[in-house]
Amino acid sequence: MTDLYEKALEIKKSGLWDIFLEEQIFALKNKNEDMVFVQIRRNDNEEKTVSVYYGDDTLEAVRRIMDADPETMADDEEVLHLEAMIEGVELTFTNKSRLSEYEQQMASAAAALHGIKPRGSGAYPKFSRLRKGQPPADLKEDADKLVMSKALDAAMWFIEGKEGKVRLFIPTEDKNGFDMAVVEERRGKFRQSFVKIPGLERMKYPAGVNSNEILQKRIKMMKKRGSWACRIVRVDTPAAWGGGSEKVLPSVIKTVCLEKSEIVEMTPVAYYESRTEVVLDKFMEAICQYGSCPVQIMVMDDRTYSLLKQWCRNCAIKLERVEYVPELELPEGIYDSGMDVDAFMENGFEYIETAIDFLLSLPDEALSAMPDELKSVREIKESGADELFSTEFQRKLNRLIKKMDKLDI
């Protein structure tokens, strides 16, 4: 690992992130003719990152995440699913606090060899192994370390002899297909060629397959009433799986009973893409435990529609694909907090923002006289509903809550 840390510190000093565009993904061909795909980018936290992707499936997921076409681009929930399907290795320049004690020692030792003193935000290199359906893990396998090492060498080869911030003349990613630059090392020297990358076809989502006919018959015979809204979502908090130390990012069908404005609880499932029968089993168990079955289920995405299509047909439940279901966009904390969800939806964001502005304008004496009204202000924060509003609104809400804390309201 010492060699990797030294290369990472060397590459950080380069102008790599000024010369590469995020869309300029290139391929690196291994000795066995397999290819990995390298992307120089900044992540959502604006940290400098070198990502190395394994396989065509991962490349496709990354291309769909980057798609900026309003007609085909992935929304936030879909991006979480796509990110969870990425396989590869990654180098991220981050803060010291995100590194383990061993990683800190390795980074500090490599820095000392080069007379470097890491300081400030994004000063420390962190290596990670990305596996499908799992949170990032430490980089341990020698094969993965070798791939990362070669990827760093290839990236540096692209910019050798180039000064300033001159953009590279290599093709940028195009969802309609393009020629991708390919780098291959032969006899200690890199050579460049090109490979045809096909256009993205229509996304194929996992189809739901049900194997529990007993539960299915029970659901089919249940008296049905009302409407539910459903969406298969990725849980972004790692969970233990299999009784061991393995951590996963499970999925769950977020389900809202629209008539009662409440969440129907369901058990999350690991690796849902290859275990749709388990997801449907857990969904049916949730219906039985809830004690009610809907006449219709509304979804607003193709992924959930594909999962529930055949199952709904088997259970005599109408499945409807609609453009938008606002109840699915609300944080679950709103339902748990006891807040009037219907009033929240009916009044809209504009009313709430106006109310916050009004409360901020009141003197301390007036605020202290309305503790019941201010209770809903805390509920907005505690439920996570403030995340649906603008950054400016969140600042105002935080100012009001600090004022309430000061007044002990």
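Biologist: In what order do the eight strands of the open sheet stand, and what is the pairing?

Modeller: The order is E6-E5-E4-E3-E2-E1-E7-E8, with mixed pairing. Strands are DSSP runs of E of at least two residues, numbered from the N terminus, and two strands pair if DSSP finds at least two bridges between them. The model is predicted: local features need pLDDT of at least 70, side-chain atom pairs count only at pLDDT 80 or more, and totals for chains, interfaces and linings use all residues. Residues are numbered from 1 along each chain as its sequence is written, and side-chain values use heavy atoms, leaving out hydrogens and water.

Biologist: Why is one side of strand E6 (137-138) and of strand E8 (189-198) left without a neighbour in the sheet?

Modeller: Each has a single partner strand, so E6 and E8 stand at the edges.

Biologist: What joins strand E7 (residues 177-186) to E8?

Modeller: The two run antiparallel and are joined by 10 bridges; Glu-184 has Arg-191 in E8 as its bridge partner.

Biologist: How many disulfides are there by the rule?

Modeller: The count is zero, a disulfide being a pair of cysteine sulfur atoms within 2.5 Å.

Biologist: What makes Cys-257 buried?

Modeller: Buried means under 20% relative accessible area, with exposed over 50% and partly exposed in between (1.4 Å probe, protein chains only). Cys-257 has 6% and is therefore buried, and Cys-230, at 0%, is buried.

Definitions and conventions. Helix = DSSP H or I, 4+ residues; strand = E, 2+ residues; numbered from the N terminus.
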